[in-house]
Each structure stands twice: as structure tokens, then as C-alpha cells.
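Reader: I am new to this structure. Please take one part, look at it closely, and then lead me from there to the rest.

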Amino acid sequence: MARKSLVGVVADDLLDRIIDGEFPPGSIVPGEHELSARHEVSRMTVREAMKTLQAQQILSVERGRGTFVNPLSRWTSLEAVLRAASEGKNEAEASVQLIELRRMLETGACELAAGRISEAETESLFAYISAMKAAHGINDVGAFVEADLAFHDVILRASGNVFVSVLFEPLHRVLEKRRAETSAVPEIQEHAIGHHQNIAEALKSGDAARSREAMDAHMQQTLDDLKNLVLPAK
């Protein structure tokens, strides 16, 4: 157990250095000797840590040349990709791609939910909109984000597709951070409230196409707000 723990420490530290930009894609990472000295561990421990990152396609070994960092698009570990998205240097690109992912998944989930959502779930959507309005009125960003996330969670569950919820669960921490950034802008809060109202009314009507279009419009507004009101201020 102790050895596994040391392997994890070494792997996490190297991943942090990659995410921080110390070792960008295509660059060579330090060898076993340097890493074992840095962490005061055996070369075997370092070797196992490197194998962990290789298995996740974060690193690749080229015989006779060394171990290189792969581009993010090749990584197969969702946890590592999420860490890069939430902690990495290229936050703008990560934010845009996260909205693109949400758009693909949430529009479909909303369409499914239109024919499956219960009356109680519909009522909870309107309750969360009221909570968003109240939070907006007193500029309570934390409460606004909490109600916003809860609103979307209801729709994901109401879709009745277990894979949708499973896919979104690891994204929750990153989504919460991104929502806190965008929801700090009062104008964006106003846009969100209006779109959430449209989504809830579409779902209440049971019209699948209308529900999908309402969610798609919300995602487009979210993307526009990010590009026009958040990223230029950074």
C-alpha cells in the first residue's frame, strides 16, 4: 500500500507540472534518475508512476529518445482532462469546449425529459428559477449557482437515461467553478433566468422539439456571454 501511495504522489506531481505548462505537449519529461532524486523514492517507484501516465495516454515512450508529453486530445483519463480544464493555463479554450460538450449532451437530455418529466420535477424547476431570481436580487452568486446547477440536474435525471447522469457526475466540480465565474456578471444572471424560464415552460408543455430548442438557445447564449462578457475581462 505504501508503494502504491508513493507511485500516486510521483504521478500526480508530474501531472501537475504538465498541466501547469512546465512540460508542454511534445516536450520530454525528466528521466527516472532526476524524478527519483526529486521525490526521494526508488527508480522502480518512478517507473510505475510513469507507467500510470502512459496507460492514460498522457505520456508516450519513444525508444532511444525518451518519454514525451502527449497533446490533451490524446489523453484517455477523464479525471486528468478535467484537472487540465480546471487548473490548466488555457482556460479560455477549456471553457468553450466545456460548453460545447454541455450543448451536445444537455439538448438531447432536455428532449428526452420532455416526454418523461414528472409534475413534481416540473414544479421543482420553477422553484429553482424562483431561487435564482431571489439570489440575483441580492447578488448572492453562490446561491444563484447552486440553484442553476440543481435546475440542470433535475433535467438530467428526468431524461431517464442513466448514462447521461454518469457522464455528467465527474463534470460537476468543473461546472461549479465555471458557473461561479460567469454568474458573477449580473447581466449573465438575467440572461440565464430568462432562458431557464423558457426551458421549464417548454418541458411543462411536453413538446420535445420545443424543449430541445429552448436548451440549445440557452447554450448558445451561455457561449455568447462567455466570449463577450467573461473572457475579454480576463
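Author: Two strands pair if DSSP finds at least two bridges between them. Strands (E, at least two residues) and helices (H or I, at least four) are DSSP runs, numbered from the N terminus.

The model is predicted: local features need pLDDT of at least 70, side-chain atom pairs pLDDT 80 or more, while totals for chains, interfaces and linings use all residues. Residues count from 1 along each chain, and side-chain values use heavy atoms, without hydrogens or water.

Start with the paired strands. Strand β1 covers residues 59–62, and strand β2 covers residues 66–69. The two pair in the antiparallel sense, over four bridges. Look at Glu62 in the model. Its bridge partner in β2 is Gly66. Now move to Ser60. Ser60 stands opposite Phe68 in β2. Together β1 and β2 make a hairpin, with three residues between them. Gly64 sits in that turn. The phi of Gly64 is positive, about 80°.

Next, the whole chain. It has eleven helices and two strands. From the N terminus the elements run α-α-α-β-β-α-α-α-α-α-α-α-α. The C-alpha trace spans about 65 × 35 × 30 Å along its principal axes. Of the 234 residues, 42% count as buried. Two residues give a sense of distance. Val46 and Ser211 are 165 residues apart along the chain. Their C-alpha atoms are separated by 51 Å. Ser211 lies in helix α11. Ser211 is buried, with a relative accessible area of 0%.

On a 1 Å grid over protein atoms alone, a 1.4 Å probe fits in a cavity but cannot get out; a pocket is open, with protein on both sides within 12 Å along at least five of seven lines, and lining residues have an atom within 4 Å of a point. Volume is the space filled by probe spheres on points joined across faces, edges and corners.

How many cavities of 30 Å³ or more are there? A search of the whole structure finds two. The largest cavity holds about 140 Å³. It is lined by 15 residues, and the closest to its centre are Asp148, Ile188, Ala192, His218 and Thr222. Helices α7, α9, α10 (186–205) and α11 (208–230) each supply at least two residues of this lining. The largest share comes from α10, with five residues.

The second largest cavity has a volume of about 120 Å³. Two or more residues of its lining come from each of α5 (91–114), α9 and α11. Helix α9 gives the largest share, five residues. The lining includes Ser95, Leu98, Arg102, Leu175, Arg179, Thr222 and Leu226. Thr222 also lies among the residues closest to the centre of the largest cavity.

Last, an open space. The second largest pocket holds about 180 Å³. Helices α7 (141–158), α8 (162–168) and α9 (172–182) each bring at least two residues to its lining. Helix α7 brings the largest share, five residues. Among the lining residues are Glu106, Leu149, His152, Asp153, Phe168 and His172. Leu175 and Arg179 line this pocket, and both also line the second largest cavity.

Terms used: Buried < 20%, exposed > 50% of the residue type's maximum accessible area, 1.4 Å probe, protein only.
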